[in-house]
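Here is a friendly briefing to read alongside the model. Please keep the viewer open as you go through the topics below.

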Amino acid sequence: MQIYHKSYIYLTCGPGLLVFEEPDFPEVGLQVPGGTLDPGESYLQGARREFAEETGLSLDIALESFADQDHIFDTVPNCLDGLHRRRHFHGRIREKPATEWEHFETTPSTGGPPIRFRLFWIDLFSEDAPAETLFFEGFGAQLETLRTRMERQIDGRH
């Protein structure tokens with residue numbers, strides 16, 4: 001089985017988490033910025049590069065690894081089949097760059113034309129927060145860990 005190394009950034013601002021959806025493929029579900037590492041790239045380098053490619057933003061903040069995940073893809077359309085070895089990073093910013101915006105991923109890992117992303121924020125602590133099942137292929141599995149982490153940081157209990 002082919003192994004792909006992946007990095008993702010769960011960027012928060014207050015209780016908000018930056019997520020995106022693909023307007024041209026609404027069935028995909030919610031995602032967080034990140035993707036496949038390039039040869040020789042560390043997980044952290046790949047996370048920063050992928051974040052910039054998928055959001056149009058560059059991050060000059062500390063990122064902390066908070067979870068690892070192995071997820072197997074088998075015949076998921078437009079995905080690389082195999083084991084996706086994921087490292088999830090958390091970063092915090094003080095101000096949102098925008099409430100919502102669109103950006104195009106011009107170099108998808110599976111090739112093909114650019115992919116349109118609509119980026120926006122969800123309140124992780126709201127009653128209306130999306131269920132983890134609304135996230136694409138396991139991205140929601142990190143939400144409870146992230147909420148606990150954020151509560152500890154707010155309470156000053158790193």
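Predicted model: local features only at pLDDT ≥ 70, side-chain atom pairs only at ≥ 80, totals over all residues.

The largest pocket holds about 810 Å³ of space, and the structure has 12 salt bridges. H84 counts as buried, whereas T75 and N78, both with positive phi, sit in the loop between strand 4 and strand 5.

**The largest pocket**

- The space in the largest pocket comes to about 810 Å³.
- A total of 41 residues line this pocket, and those closest to its centre are E22, N78, S109, T110 and I115.
- Two or more lining residues come from each of strand 1 (3-13), strand 3 (34-36), helix 1 (43-55), strand 5 (82-92) and strand 7 (115-123).
- Which element gives the most to the lining? Helix 1 does, with four residues.
- Sorted by class, the lining has 18 nonpolar, 11 polar and 12 charged residues.

**Salt bridges around R116**

- As background, side chains of opposite charge can pair when their charged atoms come close.
- R116 pairs with D24 in a salt bridge whose closest N and O atoms are 2.7 Å apart.
- That pair links distant parts of the chain, with R116 in strand 7 and D24 in the loop between strand 2 (16-21) and strand 3, 92 residues apart.
- R116 is partly exposed at a relative accessible area of 22%, and D24 is partly exposed as well, at 45%.
- R116 also forms a salt bridge with E102, where the closest N and O atoms are 2.9 Å apart.
- Because E102 lies in strand 6 (residues 100-105) and R116 in strand 7, this second pair ties together parts that are 14 residues apart in sequence.
- E102 has a relative accessible area of 43%, so it counts as partly exposed.

**Other charged residues**

- R87 and D68 form a salt bridge, with 2.8 Å between the closest N and O atoms.
- Here too the pair links distant parts of the chain: R87 belongs to strand 5 and D68 to strand 4 (residues 64-73), 19 residues apart.
- Are the two partners buried or exposed? R87 is partly exposed at 26% relative accessibility, while D68 is exposed at 52%.
- E102 and R116 are joined by a salt bridge, and elsewhere salt bridges that share partners join D38, E41, R49, E50 and E53 into one network.
- E127 is located in the loop between strand 7 and helix 2 (143-155).
- With a relative accessible area of 84%, E127 is exposed.
- E127 and E102 are 25 residues apart along the chain, and their C-alpha atoms are separated by 26 Å.

**H84, a buried histidine**

- Where is H84 placed? H84 is in strand 5.
- H84 has 2% relative accessibility and therefore counts as buried, since the cut-off for that class is under 20%.
- A polar atom of the H84 side chain lies 2.7 Å from the backbone oxygen of L80.
- Once neighbours within four places in sequence are set aside, H84 is in contact with Y4, K6, Q69, D70, H71 and F73.

- Most residues other than glycine have a negative phi, and most peptide bonds are trans.
- T75 is not a glycine, yet its phi is positive, at about 65°.
- T75 is found in the loop between strand 4 and strand 5, and at 64% relative accessibility it counts as exposed.
- N78 also has a positive phi in a residue other than glycine, with a value near 60°.
- N78 lies in the loop between strand 4 and strand 5, and its relative accessible area of 63% makes it exposed.

Conventions:
Residues numbered from 1 in each chain as written. Heavy atoms only, no water. 1 Å grid on protein atoms, 1.4 Å probe; cavity = no way out; pocket = protein on both sides within 12 Å on 5 of 7 lines; lining within 4 Å. Points joined across faces, edges and corners; volume = space filled by probe spheres on them. Nonpolar A, V, L, I, M, F, W, Y, C, P; charged D, E, K, R; others polar. Salt bridge = Lys/Arg side-chain N within 4 Å of Asp/Glu carboxyl O. Buried < 20%, exposed > 50% of the residue type's maximum accessible area, 1.4 Å probe, protein only. Polar contact = N/O pair within 3.5 Å; in protein donor to acceptor, adjacent residues only side chain to side chain. Contact = heavy atoms within 4.5 Å.
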